Amino acid sequence: MKVRQFYSIRVDLNSLLALIVLSGLLLCVFPQFAASQFILSRESWNAKPPITQRMKRHRIKEIVIHHIGFPKDGNKSIGQKLRKLQTHAQRNKPWGDIPYHFYIDMHGVIAEGRDLKYAGDTNTGYNPANRIHIVLEGDFNREEPGAKQRLALQSLVGKMRSKYSLPASKVFGHGDRAPTACPGEHLHRLVEVLSRGGTI
Ligand SMILES: [Zn+2]
């Protein structure tokens, strides 16, 4: 009896191990299935309403990746960072909302920014129309994107590429589309991999 029980536990453990190994393999082959599918909503970070009269609808044709340009900050919450960005955009700039459609923080958390229906910036040409603007927290001329940030970016770009039927060649760094050092050389290296359809 005891032997039988022991045997049945062993079988269960073996199945469990097989399941863990299989899930691990699947995540390696399809990293887009990893944890970062979750996107923090505007309500979750207490966004103010957009000033839609300053905004213009657009049709998405490419994806542009940015960095914030300041070092990663472990002392503020993602909500504080996003609210600060939104206040800056609406008060100090003539923008209707945060100028990025998605924000990826230092821990790889993806947050919803500007509504995808609207161009990044209508009034100064900072983030032109017909592009999804994704920004990562950090200064990637000085530091490296973290593993969780890379995974989140890979997953988000994959999701947006299939949503808007965009080929990998439509993924750019800001510096590919305008004279700027954004998104920093360390992130730009990864953007080049994404634009060839590779895994980062
Ligand atoms: Zn940029």
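Predicted model: local features only at pLDDT ≥ 70, side-chain atom pairs only at ≥ 80, totals over all residues.
So, the lining of the largest pocket: its residues divide into nine nonpolar, three polar and six charged. Residues are numbered from 1 along each chain as its sequence is written, and side-chain values use heavy atoms, with hydrogens and water left out.

Okay, back to the pocket. What do we mean by the word? On a 1 Å grid over the protein atoms alone, a pocket is an open set of points where a 1.4 Å probe fits, with protein on both sides within 12 Å along at least five of seven lines, and lining residues have an atom within 4 Å of a point. Here the largest pocket holds about 530 Å³ of space, a volume being the space filled by probe spheres set on the grid points, which are joined across faces, edges and corners. It has 18 lining residues, and Ile-68, Phe-70, Lys-81, Lys-84 and Leu-85 lie nearest its centre. Which helix gives the most to this lining? That's helix H2, residues 78-92, with five residues. Helices (H or I, at least four residues) and strands (E, at least two) are DSSP runs, numbered from the N terminus.

Now keep an eye on Lys-81. Its side chain meets that of Glu-137 in a salt bridge, 2.9 Å from N to O. Lys-81 is in helix H2 and Glu-137 in the loop between E5 and H3, so this pair ties together parts 56 residues apart in sequence. A salt bridge, by the way, is a side-chain nitrogen of Lys or Arg within 4 Å of a carboxyl oxygen of Asp or Glu. Buried or exposed? Lys-81 counts as buried, at 12% relative accessibility, and Glu-137 is buried too, at 3%. The cut-offs are under 20% relative accessible area for buried, over 50% for exposed, and partly exposed in between, using a 1.4 Å probe and protein chains only.

Glu-137 also turns up next to Gln-149. Gln-149 sits in helix H3, residues 147-163, and is buried at 0%. Leaving aside neighbours within four places in sequence, its contacts include Lys-72, Met-106, Glu-137 and Phe-140, where contact means heavy atoms within 4.5 Å.

How many salt bridges are there by this rule? The count is eight. Glu-62, Arg-131 and Arg-177 form a linked network of them. Glu-62 to Arg-131 is 3.1 Å, N to O, and Glu-62 to Arg-177 is 2.8 Å between the closest N and O atoms. Glu-62 is buried at 8%, whereas Arg-177 is partly exposed at 36%.

Last stop, the zinc ion. Which atoms coordinate it? They are His-66 (ND1), His-174 (ND1) and Cys-182 (SG), at 2.0 to 2.3 Å. His-66 lies in strand E2 and Cys-182 in the loop between helices H4 and H5, so the pair ties together parts 116 residues apart in sequence. Donors are N, O and S atoms within 2.8 Å of the metal (3.2 Å for Na, K and Ca), and water is not among the atoms, so sites may look incomplete. His-66 is buried at 0%, and Cys-182 is buried at 10%.

Definitions and conventions: Nonpolar A, V, L, I, M, F, W, Y, C, P; charged D, E, K, R; others polar.
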